[in-house]
Each structure stands twice: as structure tokens, then as C-alpha cells.
Amino acid sequence: MERSRRSNRSTKVNGKRKTAFYDDKKKRNGLLIDLNRWEMSSLKRYRAHFKLDTRPNIPKGELIEVVARHYSQLPKMRDAEVISQFLFTTRKYIEANNDVHED
């Protein structure tokens, strides 16, 4: 079983140091999430939504680390699986509503 490693890469953009967190596997697929670009309010909403345990006045850098660690632990979604489940659910919903209106 291949295990992907979480990487922390630092680059300079417009003279400012940027840190991006990603899995090596995702890097090969061209996916990258730069949490430094997120507003503090977005990071706080993410923290509140997932009920992450942090200090109340945590600095942005530490909050980015907490969010990145949580995000990397989320189950990976497969596009085909999500689309087929969506279509299945939509079809069942339409069929259920058609049955109600035919009576």
C-alpha cells in the first residue's frame, strides 16, 4: 500500500514567503491548496464548521497549520463516485416527486 507524504513547501511570491501544504500524490495531479491566501475569517469559519480544537486568539500561521493537518486527514473523494451518487439521488428524488403528482 502506497502511502502519500504530506509536504510543506515554501516559495517566494512578489517578495513574500508563501507556504503551501499538499500531499505528494496531489502535487503530481496538479492540485494545490494555498491556505495563506485564505482570509482569517475563512479559516475561522472552517475551524468552527469542523469544530477544530484551538485557542480562541490563535495566530493565522498556527491556524493554517491546524486547518492543513485537518484537511489532509479528510477522506479523499473520487469524482466518478460523487457524480454517480449525485445522479442516483437526483433520479430517486424525481421519481418520488412524479409518484406524488400522479395521484
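Here is a short chat about a core, an arginine and some rings in a predicted model.

Colleague: Why is Y46 called buried?

Modeller: Its relative accessible area comes to 11%, and buried means under 20%, so Y46 counts as buried.

Colleague: And what makes F50 partly exposed?

Modeller: F50 has 33% relative accessibility.

Colleague: Why is the pair of Y46 and F50 called tilted?

Modeller: The ring centres of Y46 and F50 are 4.7 Å apart, and rings pair if their centres lie within 6.5 Å. Their planes sit at 45°; stacked needs under 30 degrees and edge-to-face over 60, so this pair is tilted. The whole structure has 2 aromatic pairs, and ring pairs tie W38, Y46 and F50 into a cluster.

Colleague: What makes up the largest nonpolar core?

Modeller: It has 10 residues, among them L35, Y46, L52 and I64. In soluble globular proteins, nonpolar side chains tend to be buried together.

Colleague: R47 is buried; how do you know that it has no salt bridge?

Modeller: The nearest side chain of opposite charge, D53, is 8.8 Å away, and a salt bridge needs the atoms within 4 Å. R47, in helix α2, does reach the backbone oxygen of R55 with its side chain, at 3.5 Å. Setting aside neighbours within four places in sequence, R47 also has contacts including L52, T54, P56 and L63.

Notes: Residues are numbered from 1 along each chain as its sequence is written. This is a predicted model: local features need pLDDT of at least 70, side-chain atom pairs count only at pLDDT 80 or more; totals for chains, interfaces and linings use all residues. Side-chain values use heavy atoms; hydrogens and water are left out. A nonpolar core is a set of buried Ala, Val, Leu, Ile, Met, Phe, Trp, Tyr and Cys residues joined through side-chain atoms within 4.5 Å. Buried means under 20% relative accessible area, exposed over 50%, partly exposed in between (1.4 Å probe, protein chains only). Helices (H or I, at least four residues) and strands (E, at least two) are DSSP runs, numbered from the N terminus. Lys and Arg count as positive and Asp and Glu as negative; His and the chain ends are not counted. A polar contact is a pair of N or O atoms within 3.5 Å; within protein, one must be able to donate a hydrogen and the other to accept it, and residues adjacent in sequence count only if both atoms are side-chain atoms. Contact means heavy atoms within 4.5 Å. Rings of Phe, Tyr and Trp (its six-membered ring) pair if their centres lie within 6.5 Å; planes under 30 degrees apart count as stacked, over 60 as edge-to-face and the rest as tilted.
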